Amino acid sequence: MTKQSAVVPEVVAPEAVVVMQPGATVPASSPVFPYPPLKAAVGLPIKKFLQKQEISSGGRISSWDEHPSALGMFEEIVSLSKGKKIVMFLDYDGTLSPIVDDPDRAYMSKAMRAAVRDVAKLFPTAIVSGRCRDKVYSFVRLAELYYAGSHGMDIKCPKFNKGNKPVLFQPASEFLPMIDVVSKLLAEKTRAIRGSRVENNRFCVSVHFRCVDEKRWVELAMQVRSVLHDFPKLRLTHGRKVLEIRPSIEWDKGKALEFLLESLGLADSNDVLPVYIGDDRTDEDAFKVLRERGQGFGILVSKVPKESHATYSLQEPSEVMDFLHRLVEWKRLSGKGHPRV
């Protein structure tokens, strides 16, 4: 199969938007289970693969010395921001809301919403999630933010002035019919596995196994692989007790971060400090981009040390909220000429 150009057709939306035309390329194919491949002949590697979702971001276990607390290092963080424009990027599940058994009930608290709203008043702020963009917006409900759903494959920039049209960027639009078919097939195929849940996130599909008996994890993984066998243009990645089916295009949360910086006119600026906070394996793509740029930093949300491209850490959403509060307080006081940390 030869490479094909992913052409984005105009998207019919409830409101007028400006649809950006990307030049993404579809690779010939990709392994169904690339992190690492699941082997049907041996059950143990599959089980270990699935068990690792809660304790590791994909490599060896590190120590907190490698990723010190962003709260404990707050003075260092704000000193790095001197003379720079901070841009905030926030994952949703496990970062702004707790991880829950039912993904439809992953509500953020009113206090967290207020903290994010205050941050957005001072810094450009984006939510970058694996969720469907409309779904994550229904949780956050802050129109002034940038939203990147489906791991960055569905980006909407806000309209700042009356009459302006929001910008919509969807580099995987041609995959929408395929994703819909696969979602329905997976729902049917996994129906008999109690506790499994298939979530259609529009440009990707999530198969949750948090509530599945561990004895049936291997069976679930094999059911997913059997469906994907007939769809070589899709690939499978994983997060925290969730399998993610995505289009095989060169696009992820790191690419979304770069696109959003470009949209803000800051892609080539030396005076910008991007800060990305996230808890999932998929957030590592954004952490890695920041390290490679040598600009900004990632903050990993985790209760246990993990190998990560992030620079700092926070242990849970409550600490994320504390960090956002301190950032707002610092910015407001520094604006008055009396900064304190």
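This is a predicted model: local features need pLDDT of at least 70, side-chain atom pairs count only at pLDDT 80 or more; totals for chains, interfaces and linings use all residues.
Buried, in what follows, means under 20% relative accessible area, exposed means over 50%, and partly exposed is anything in between (1.4 Å probe, protein chains only). Residues are numbered from 1 along each chain as its sequence is written, and side-chain values use heavy atoms, with hydrogens and water left out.

Rings of Phe, Tyr and Trp (its six-membered ring) pair if their centres lie within 6.5 Å; planes under 30 degrees apart are stacked, over 60 edge-to-face, and the rest tilted. Across the whole structure, a search turns up 10 aromatic pairs. One of them is Phe 169 with Trp 251, a tilted pair at 5.1 Å centre to centre and 50° between the planes. Phe 169 sits in strand S8 (residues 167-169) and Trp 251 in the loop between strand S12 (242-247) and H7, so this pair ties together parts that are 82 residues apart in sequence. Helices (H or I, at least four residues) and strands (E, at least two) are DSSP runs here, numbered from the N terminus. Both Phe 169 and Trp 251 are buried.

Now back to Tyr 276, which pairs edge-to-face with Phe 287: 5.6 Å centre to centre, 90° between the planes. Tyr 276 belongs to strand S13 and Phe 287 to helix H8, 11 residues apart. Phe 287 counts as buried too, at 1% relative accessibility.

A nonpolar core is a set of buried Ala, Val, Leu, Ile, Met, Phe, Trp, Tyr and Cys residues joined through side-chain atoms within 4.5 Å. The largest such core has 48 residues, and Phe 89, Ile 155 and Ile 245 have the most contacts inside it. Where does this core lie relative to domain 1 and domain 2? Domain 1 (73-171 + 251-336) and domain 2 (173-247) both give residues to it, so it lies between them; the bounds come from an automatic or database domain assignment. Apart from this core lies another, of 40 residues, including Leu 90, Tyr 92, Val 136 and Tyr 312.

Ile 155 is worth a click: leaving aside neighbours within four places in sequence, its contacts (heavy atoms within 4.5 Å) include Arg 133, Phe 169 and Trp 251.

Arg 133 leads on to the charges. A salt bridge is a side-chain nitrogen of Lys or Arg within 4 Å of a carboxyl oxygen of Asp or Glu, and the structure holds 17 of them. In one, Asp 154 meets Arg 133 with the closest N and O atoms 3.1 Å apart. Asp 154 lies in strand S7 (residues 154-157) and Arg 133 in helix H4 (residues 133-140), so the bridge ties together parts 21 residues apart in sequence. Both Asp 154 and Arg 133 are buried.

Lys 253 and Asp 283 form another salt bridge, at 2.9 Å between the closest N and O atoms, and both are buried. Arg 216 and Glu 219 bridge at 3.0 Å between their closest N and O atoms, but here Arg 216 is partly exposed at 27% relative accessibility, and Glu 219 is partly exposed at 34%.
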